[in-house]
Amino acid sequence: MDKLRRIGGLTKGTGENTMRRELRAARILLTGASSGIGRCLAEQAARAGARLVLAARSAEPLDKLARSLTDLGAEAIAVPGDVTSEADRGRMLSAAVEQFGGLDVLINNAGVGSWCHFAESSEEILRRVMEVNFFAPAELIRLAIPLLRQGRRPAIVNVASMCGRRGIPAWSEYSASKFALCGLTEALRGEMVRFGIDVLLVLPGVTRSDLWQHLLRNTGRYPLDVRRGMPPEKVAAGILRALQKNRTETVLGWDARWLLRVNRFLPRLVDALLARQVRRLYATA
């Protein structure tokens, strides 16, 4: 482990544009805003002067968050809804137009996971994870393009995971969905140039977020110490910094940086280390 950490030194951001994006008065649609990283993103963006459309399924905490930000002088509205619903996605974008006259930034932050080894999982879980983590942001992007084309320094920010670059045992469906989101992001980065829309990717490592309290299944044996993860405030700050500096791809967290660096140069070593741990876990199964 120590040897891997010494090798790992992946840069925090790549492809940075020297022109800084101003968040003050930026019209931002943020999904998954009611808790965890999303809530911290909303609070920090509001302090920077952004105008926010906050979206999440949990109506009560979302409304409470919007009211608290408004009381502090920010411009924020709550739009409860499910990102997997076509009608709800339409309502989120319509709210941006009705309240702020358009959209400058879309942050796809909503996500769901299942901590379970694939052989014991199900098609239902796989489809749900893919719907929330991939199809929903993809279709929200598609619907948002006409608005973003008219925006000020428009950008799409996709919050993926280190698992989008390196699959992790017991995190199989989640890894697959984030790999798909990374691939879409890279493809769209080239396509959106003709519209003047920047497409940014953020890859956080383990984070102490509410994701772990809302897992679809939590039976995986592979060890993951969430307590050692980054606080959501730190991840949110990293995401907003990437947006301001227009970083093409940003890796957040020491665990993500060393794992992805080692995997880049020594993928077979990472395979062997992960496989050895899984064999040990199931030795008496």
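Hi everyone. Before we start, please keep in mind that what you see above is a predicted model.

Let's begin with helix packing. Two packed helices are described by the angle between their axes and the distance between the axes. With that in hand, let's visit α2.

Helix α2 covers residues 36-47, and one of its partners is helix α7, residues 232-245. The two pack at an angle of about 55°, and their axes are 8 Å apart. An angle of that kind makes α2 oblique to α7. The crossing of α2 past α7 is right-handed. Who is touching whom? On the α2 side, look for G36, I37, C40, L41, Q44 and A45. On the α7 side, find P232, E233, V235, A236, A237, I239 and L240. Sorted by class, this contact of α2 with α7 holds 10 nonpolar residues, two polar ones and one charged one.

Now stay with α2, but turn to another partner, helix α3, which spans residues 59-71. Here the axes come within 11 Å and cross at roughly 15°. Angles under 35 degrees count as roughly parallel, so α2 is roughly parallel to α3. This crossing of α2 and α3 is right-handed too. From α2, the residues R39, A42, E43 and A46 take part, and they meet P61, L65 and L69 of α3. The contact between α2 and α3 splits into five nonpolar and two charged residues, with no polar ones.

L259, V262, N263, R264 and F265 are the α8 residues in the contact, while α9 brings P267, L269 and V270. Six of the residues in the contact of α8 with α9 are nonpolar, one is polar and one is charged.

Now for the empty space. Rolling a probe the size of a water molecule over the atoms shows where empty space is left. How many cavities of 30 Å³ or more are there? The count comes to two.

The largest cavity holds about 60 Å³ of space. Its lining is made of T31, V83, N108, A110, V132, N133, A136, P137, L140, V159, K178 and L181. Two helices, α5 (123-149) and α6 (172-191), each give at least two residues to that lining. The largest share, five residues, comes from α5. By class, the lining of the largest cavity has eight nonpolar residues, three polar and one charged.

The second largest cavity has a volume of about 30 Å³. Around it you will find R21, E22, A26, D104, V105, R152 and R153.

Notes: Residues numbered from 1 in each chain as written. Predicted model: local features only at pLDDT ≥ 70, side-chain atom pairs only at ≥ 80, totals over all residues. Heavy atoms only, no water. Axes fitted to C-alpha atoms, helices over the stretch in contact; angles between N-to-C directions. Helix = DSSP H or I, 4+ residues; strand = E, 2+ residues; numbered from the N terminus. Parallel < 35°, antiparallel > 145°, perpendicular 65-115°, else oblique. Left-handed = near helix turned anticlockwise from the far one by under 90°. Contact = heavy atoms within 4.5 Å. Nonpolar A, V, L, I, M, F, W, Y, C, P; charged D, E, K, R; others polar. 1 Å grid on protein atoms, 1.4 Å probe; cavity = no way out; pocket = protein on both sides within 12 Å on 5 of 7 lines; lining within 4 Å. Points joined across faces, edges and corners; volume = space filled by probe spheres on them.
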